[in-house]
Amino acid sequence: MVVIWLRFSRCFGYWRMHGGTATQMQLLEGISSDPWTLTGREAERHVIVERLSEGAPHCIVITGDPGVGRTRLAREALVAARDAGWSTLSATGTTAASAVPLGAMAHLIPPAEPALDPLALLQRAMSTIVTAGGERPLVLVVDDAHLLDDLSQTLVQQLATGGIVSVVITIRTATAPGLAALCRDGTAERIDLAPLERDQSDRLVAAALGGDVDTRSCERLRRLTRGNPMYLRELVEGGLAAGHLRRRDGCWRWAGEMSPSPRLVEIVDAQLDVNVAERAALEVLAVGEQVSLETLLGMSTTATVAGLERIGLAAVEGTGQQAQVRMTHPLHAEVVRAQMPEAAAIRIRQQLANGGARSRSKEELLRAGRMALDGAGPALDAALLTEAAGCANENLDHPLAERLARAAVDAGGGIAARLALLESVQWQGRSMDAEAIARAAATWALSDDERARLAVMRALNAFCGAGRASDAEARLRETAAVVPGLRARDELIAALALIAFLRGRAEEAVDLGTGVLARLENRTFARSLAAAATAGALAMTGRTKEALAVAATGWSEVQGAPTESQAAFVRLSLAQGELLALWLSGRFADLHSRAVELHEQSMTAPDWAGDAVAALHIGWAALAPGHVSVAKRWLTEAMAGFRRQDPMGLLPVCASQLAQTRSLLGDDSGAREALGQVDAVRDRAMPAFEPLILLGRAWVTAATDRREGLDIALEAARLAADLGLWAIEATVLQAVVQLGRPGDVAGRLRQLAAQLDNTLVSIYADHADAAAEESGGRLDSVVAEYERVGAYLAAEDASAVAAAAHRRARHHRRASAAAVKAAKLARSCGRPRTPGLVQLSMPHLTSREEEVARHASAGRGNAEIAARLVLSVRTVEAHLANVYAKLGITSRTQLRDALAATAAPDGNR
């Protein structure tokens, strides 16, 4: 078998980096401590292992573009062959060796006489390789076989078709037609390697770095590498070396520009094998990113553009005057830009600016604006700069929007330029700067609409960005008193509704918001903002069906006018109201899918403040049903984002959720640290979320002092009741049940269940009643209801309490079954430390009972177990009967899960 899993250039790079021959030999043998594990190729590896373990000769052709992992998979073929007891040989094709007949195979065959003709050389090589394995079967793996000379390719083809030697070869896609023909005639099995999928790429990077990587960094890596493992590896290692990729706040994060390292530039540039004219056209595309076909043809030729399209380096999208051209791979564009002289880049920017200023499309406006900022194009007037700033805000590229808006203001722009500047600065978390901009803009706001919009933006900045709720409301009311226009006043009223909701005045928010929604002639901004406020307030008061209907109305408004100023704030506020409704009504599957959808939408934009909000939503959606380990990962990422910028004032909520999650996972010091983050910004906490913030504190405190934790939880419930936030109150009271005081709150939960049209609250009430009565049977029914809606953390705790109730009633089989279920649920939730699980007493098996049970769970019959353990069949049957009784099960099919559950650590781990 011929296997070189590492090309010479790659091998030399590692040899140079790590210090020489020893490390190189480790890599070649596949035994290094390389952190870049095989990811996303499990199915392909299985095919190779399966074929080689059959014993009969096989031919496998691995194809794919450069960097997708052909060489790595060939290494896996080598390992699989050795594991199967095969002899192995290896070779690799190179450009240098291709000039010599059998040059790549020279190390496999004895020296030949100069007079031998090609046929004799071929026969000699075949004989040597076929007999190299001796008595053992032989596998030949050739990497980069498309670079072999003609005689070597003929040799590989003959060996593949001979049926004596197994052959595994790797070739670049669309090369080596002779070798590729092996697949067409059925001689070889073809494995096509595509770029990694998103989740595969993310897993690969996380495994290599040994920790979680924030999703924005993963998204940037994915976009630039398009799932190419070699590009991904080089980019990550270059980022580590340059200090751009660092671990912060529990997550790896890339800060700054994501530029290819010199080594990656060399690798990619070697793949851009083009002539001078094609290179010039690529430079235009690299600078312009996306250029109209008409503009590109004016700077190049039809033949050149067609040539780039034919070899896959450029793509034409659209037809006619709408046709646009871009480079097919973003990393190629980065490499071309990195190698361009600045003078050439300036000249291209000037040409593109001259051609693009006539267009008013968003892409052309942004390009023209960037080039004007860089001084590469003609100075644009204030109107165009203002429009470009609006486009940048719409794209959520707020740093660019700020630069464009400041240029527009300097060029004499009016209120629109200042509003664009205010929006861009707000989203970057600079509330004091935003307030200064708003004050300066006041004299430019002349119409009712302008005064209203400025007042709304200034109030939201004061409240969400700086925590000055009273100032925000006062400013809105003052402006409403002097603005006669009804539509403008409704924008102010919608903002007042949102602030009322966030201050915990839910009924007032509903009254104000529904009034705005009732006036159909209102503009999109007023209606969508009112919908966000109303949906959130309805959700917290337990009217979840109404909340979801109002949220749907708001989404239809936003989608109808996506370019409206402050659309991002409205979208995030609407998402908050919708997700609250899904959470509080127990629709956890819908909650998760919607949170993921909103997060994916956020990832289509550049790095912005909404990333942290989206991560918070996913973390909350994971914590609600009880997936605490997943919740910790997302809430940790969200906290890191909120520490950088928090224009919506959500850091206290996130820190509280993270504290609760860490406490459930037994990380008391981490939980207290998260609570310290809450205390540091307590003056910014929104009253509507105060009961939930207190609930997080209750969970953390209860871990060390159950009584004090219960007091805090009861205080949170009273606060929610005083604010009329009935659904929040019910959620807090359910925590009181879990913390061990069901009798104190069972009556109130029953009242809320009758008052609210909410299935989840009814289950809470049943839970409280059953726990107060210490009824194991009723608690078992509650567990089933929790599982039905997906509330697995609550189900786990209730099952643990049921086990204790059954044990007190001397129902031992039921107690064991409930304990096993609780442990199983705990494993699925990430093994949280809940009050019920801490006190759970798991069934104990003797060492012999466990041994018998393990064999039975593996599918072995009683007679086989008896023979293996030198026992009588009757003794095996007796042990199994004891196991079934202790675990509360009735059959072998339940054994595997039951044994896994009993192996889970208890709540004191």
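Asp144 counts as buried at 4% relative accessibility, where buried means under 20% relative accessible area, exposed over 50% and partly exposed in between, computed with a 1.4 Å probe on protein chains only. The residue lies in the loop between β3 (138–143) and α6 (150–162); helices (H or I, at least four residues) and strands (E, at least two) are DSSP runs, numbered from the N terminus. Phi of Asp144 is near 55°, a positive value in a residue other than glycine.

Glu774, also not a glycine, has a positive phi of about 55°. This residue is found in the loop between α38 (759–773) and α39 (776–789), and with 47% relative accessibility Glu774 counts as partly exposed.

## Model and confidence

This is a predicted model, in which local features need pLDDT of at least 70 and side-chain atom pairs count only at pLDDT 80 or more, while totals for chains, interfaces and linings use all residues. Residues are numbered from 1 along each chain as its sequence is written, and side-chain values use heavy atoms, with hydrogens and water left out.

The average pLDDT of the protein is 86, and 91% of the residues score at least 70; pLDDT is the predictor's confidence in each residue, from 0 to 100. Over residues 1–33 the pLDDT is below 50, and this stretch has 70 contacts in the model beyond near neighbours in sequence, a contact meaning heavy atoms within 4.5 Å. Residues 904–909 also stay under 50, with 12 contacts beyond four places in sequence. Where pLDDT is low, the predicted coordinates should not be read in detail.

## Overall architecture

The protein contains 46 helices and 10 strands. Its C-alpha trace spans about 105 × 95 × 45 Å along the principal axes. Of the 909 residues, 55% are buried. Among contacts between residues at least 6 apart in sequence, 68% join residues at least 24 apart.

## Packing of α3 and α4

Two packed helices are described by the angle between their axes and the distance between the axes. The axes of α3 (residues 42–52) and α4 (residues 70–83) come within 9 Å and cross at roughly 30°; axes are lines fitted to C-alpha atoms, for helices over the stretch in contact, and angles run from 0 to 180 degrees between N-to-C directions.

On the α3 side, the contact is made by Glu44, Arg45, Ile48, Val49 and Leu52, and on the α4 side by Leu73, Glu76, Ala77, Ala80 and Ala81. These residues divide into seven nonpolar, no polar and three charged, with Ala, Val, Leu, Ile, Met, Phe, Trp, Tyr, Cys and Pro counted as nonpolar, Asp, Glu, Lys and Arg as charged, and the others, Gly among them, as polar.

## The buried side of α21

In helix α21 (residues 431–441), the buried residues are Ser431, Ala434, Glu435, Ile437, Ala438 and Ala441. They lie on the same side of α21 because they cover an arc of only 165° around the axis, the arc being that of the directions from the helix axis to the C-beta atoms. The buried residues of α21 pack against α19 (398–410), α20 (415–427), α22 (448–465) and α23 (469–482).

Thr225 belongs to helix α9 (residues 215–225) and is buried, with a relative accessible area of 1%. Not counting residues up to four places away in sequence, Thr225 touches Tyr231, Leu232, Leu235 and His329.

Leu209, in helix α8 (residues 198–209), is buried with a relative accessible area of 12%. Leaving aside neighbours within four places in sequence, Leu209 is in contact with Val236, Leu240, Leu245 and Trp252.
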